[in-house]
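Keep the sequence and the 3D view side by side.

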Amino acid sequence: MSLLEVTNLTKTFGGLTANQDVTMNVEKGSITAVIGPNGAGKTTFFNMITGVYQPTSGGIALEGKSLVRLKPHEVSKRGIARTFQNIRLFAEMSVIENVLVGMHTHLQAGLFSILMNLRKTKKEELEAERLAYRLLEYFDLASLLNEKACNLSYGAQRKLEIARALATKPKLILLDEPAAGMNPKETKELTDIIKKMKHEFDVTILLIEHDMKLVMEISEHIVVLDHGVKIAEGNPEDIRTNPKVIEAYLGSGAIHAM
């Protein structure tokens, strides 16, 4: 069953076409990767799904309901979360505060309840803190919960950003180059986390990634973009042997390294 349906999606900036007639489905419970060379339109594609950009034409639907013309916070409420290629944490806030920020769309307490310090508000805050702590435990960050985000290692910051995205309780999480800048040990840890995350958080995963070893290991379906156009899609073996993909992006050396 398709969770996300993208139909003939096009985005132009003046005379530049970043995406052209891209059509793809993301199956519920799957891990799907979007790959392609730099400038292929991958991040623009993510930005349209999450409401940062509005498409010039085409459709985007989550569970059959259109996301077109929704603002980013409205898309988030529908059940889509994301991370960014360049880490965007609240650097001066603590680790646990960063995760708690991700929960704000699901908290019910209004200004009056907070000012009056009502019992139900205290209960909701306590539950949020418990969930945040469980997320930090899952990502092996619980011992750093009071540390400022800016003081974390690069790999820990990457994990914290994913934890914050999961705090929104998404149906679909978009990971934009999650392994970028990681060393081999950190990448291996991230690979294991993503594979388990799908089941443990009942979340569907769509990612952009240049690390082909990671992509081939965790993805069930891969879509390849080149100059904003979808040139191939299929399972990892289909993509590994597709002549168009080899020519446009991977290269024979990259293929043999997988």
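Predicted model: local features only at pLDDT ≥ 70, side-chain atom pairs only at ≥ 80, totals over all residues.

Residues are numbered from 1 along each chain as its sequence is written, and side-chain values use heavy atoms, with hydrogens and water left out.

Start with the largest nonpolar core. Such a core is a set of buried Ala, Val, Leu, Ile, Met, Phe, Trp, Tyr and Cys residues joined through side-chain atoms within 4.5 Å. Buried means under 20% relative accessible area, exposed over 50%, and partly exposed in between (1.4 Å probe, protein chains only). The largest core has 46 residues. Val99, Leu160, Ile173, Met197 and Ile205 touch the most other members. Helix H6, residues 154-166, gives the most to this core: six residues. Helices (H or I, at least four residues) and strands (E, at least two) are DSSP runs, numbered from the N terminus. Another core lies apart from the largest one. This other core has 26 residues, including Leu4, Phe46, Ile49 and Ile60. In soluble globular proteins, nonpolar side chains tend to be buried together.

Now look at Met197. Contact means heavy atoms within 4.5 Å. Leaving out residues up to four places away in sequence, Met197 touches Tyr138, Phe139, Ile162, Leu166, Ile173, Leu175, Asp202, Val203 and Ile205.

Helix H1 spans residues 42-49. Seven of its eight residues are buried, so H1 is largely enclosed by the rest of the structure. Those buried residues are Lys42, Thr44, Phe45, Phe46, Asn47, Met48 and Ile49. Just after H1, Gly51 has a positive phi of about 85 degrees.

Back in helix H6, find Glu161. Is Glu161 buried or exposed? Glu161 counts as buried because its relative accessibility is 1%. Beyond residues up to four places away in sequence, Glu161 touches Thr83, Phe84, Ile87, Arg88 and Leu89. Phe84 is 77 residues from Glu161 in sequence, yet their C-alpha atoms are 8.4 Å apart. The Glu161 side chain also reaches the backbone nitrogen of Arg88 at 3.2 Å.

Finish at strand E3, residues 31-35, which holds Thr32. Thr32 is buried, at 1% relative accessible area. What does Thr32 contact, leaving aside neighbours within four places in sequence? The partners are Met24, Val26, Ile205, Leu206, Leu207 and His221. Thr32 and Leu207 are 175 residues apart along the chain, with 6.4 Å between their C-alpha atoms.

Notes:
Polar contact = N/O pair within 3.5 Å; in protein donor to acceptor, adjacent residues only side chain to side chain.
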